[in-house]
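Thank you all for coming; I would like to take a few minutes to walk through one model with you. Please keep the sequence and the structure in view while I talk.

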Amino acid sequence: MRWWDIAPVMELELELFPEDAWSTGMYWSELAETHPGGTRHYTVAATPDGAVVGYAGLMAVAGEGDVQTIAVDGRRQGTGLGTALLTDLVREAVRRGCVELLLEVRVDNPRAQRLYERFGFEPVGIRRGYYQPANVDALVMRLDLADRDDPADLDDGDAPERDELPDGDAPDDPDGPEGPDGLDESADLPRPDVKKDTRHG
């Protein structure tokens, strides 16, 4: 993610998280830490014409990683894009020497929890009233990275939002099943390009 991605990212942010969207200033602060030696890794997914359709962020400090955000355009959900973004974060956490990766997910979102479980995340605690203003608890989940060289063996799943899929979200075909696991894409949707984070500037 680069500074010019903030505007389209904010459009998705406000659309997907109207109650608790991050501010533009928060993204500027996060990107300020993506320099070499910084504590953040941010990536965006873009279509061939350059439209941002997903983004994700990681914080890595002293051997511990934390999923800061994962978001996928509603029209791209169920295509495996969220899985690709989460895989990128896990790989980056491994590259940075993290021994564990943590995230929070709404307790009322079993679909996202199933995705994280397929990645190997396990519940480790509850944060009461974490999601505001809805006052919804967060389930804290942890992935052990100590013996992992590469997350290529992870089971794929459906695309998550920022640590959760809001109620009512569905794959591109709302009348059909959730679709097969994996990085499949609908035939009429070219695969977006997942861009690695680069030095902020």
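A helix, as I use the word here, is a DSSP run of H or I with at least four residues, and helices are numbered from the N terminus. What we have on the screen is a predicted model, and with that said I can start at the end of helix 3, where Gly97, just after the helix, takes a positive phi of about 80 degrees.

Helix 3 itself covers residues 81-95, and its 15 residues reach 21 Å from the first C-alpha to the last, which is close to the 21 Å expected at 1.5 Å a residue. Of those 15 residues, 13 are buried, so helix 3 is largely enclosed by the rest of the structure. In the chain, helix 3 belongs to a right-handed β-α-β unit, together with strand 3 and strand 4.

That brings me to strand 4, residues 100-106, where 7 of the 7 residues are buried, and therefore this strand too is largely enclosed by the rest of the structure.

Which strands pair with strand 4, and in what sense? Strand 3, residues 64-72, pairs with strand 4 in the parallel sense over 3 bridges, and there the bridge partner of Asp66 is Leu102. Strand 6, residues 136-144, pairs with strand 4 in the antiparallel sense over 7 bridges, and in strand 6 it is Arg142 that stands opposite Leu102.

In soluble globular proteins, nonpolar side chains tend to be buried together. Here the largest nonpolar core has 28 residues, and those with the most contacts inside it are Leu101, Tyr116, Phe121 and Leu145. Two or more residues each come from strand 2, strand 3, helix 3, strand 4, helix 4 and strand 6, and helix 3 gives the most, with 7 residues. Apart from this core lies another, of 15 residues, among them Leu31, Val44, Val52 and Ala71.

Leu31 takes us, finally, to helix 2, residues 24-31, in which Tyr27, Glu30 and Leu31 are buried. These three cover an arc of only 95 degrees around the axis, which puts them on the same side of helix 2. The buried residues of helix 2 pack against helix 1, strand 1, strand 2 and strand 3.

Conventions
Residues are numbered from 1 along each chain as its sequence is written. This is a predicted model: local features need pLDDT of at least 70, side-chain atom pairs count only at pLDDT 80 or more; totals for chains, interfaces and linings use all residues. Side-chain values use heavy atoms; hydrogens and water are left out. Buried means under 20% relative accessible area, exposed over 50%, partly exposed in between (1.4 Å probe, protein chains only). Two strands pair if DSSP finds at least two bridges between them. A crossover is right-handed if, with the strands pointing away from the viewer, the path from the first strand over the helix to the second runs clockwise. The arc is that of the directions from the helix axis to the C-beta atoms. Contact means heavy atoms within 4.5 Å. The expected span of a helix is 1.5 Å times one less than its number of residues. A nonpolar core is a set of buried Ala, Val, Leu, Ile, Met, Phe, Trp, Tyr and Cys residues joined through side-chain atoms within 4.5 Å.
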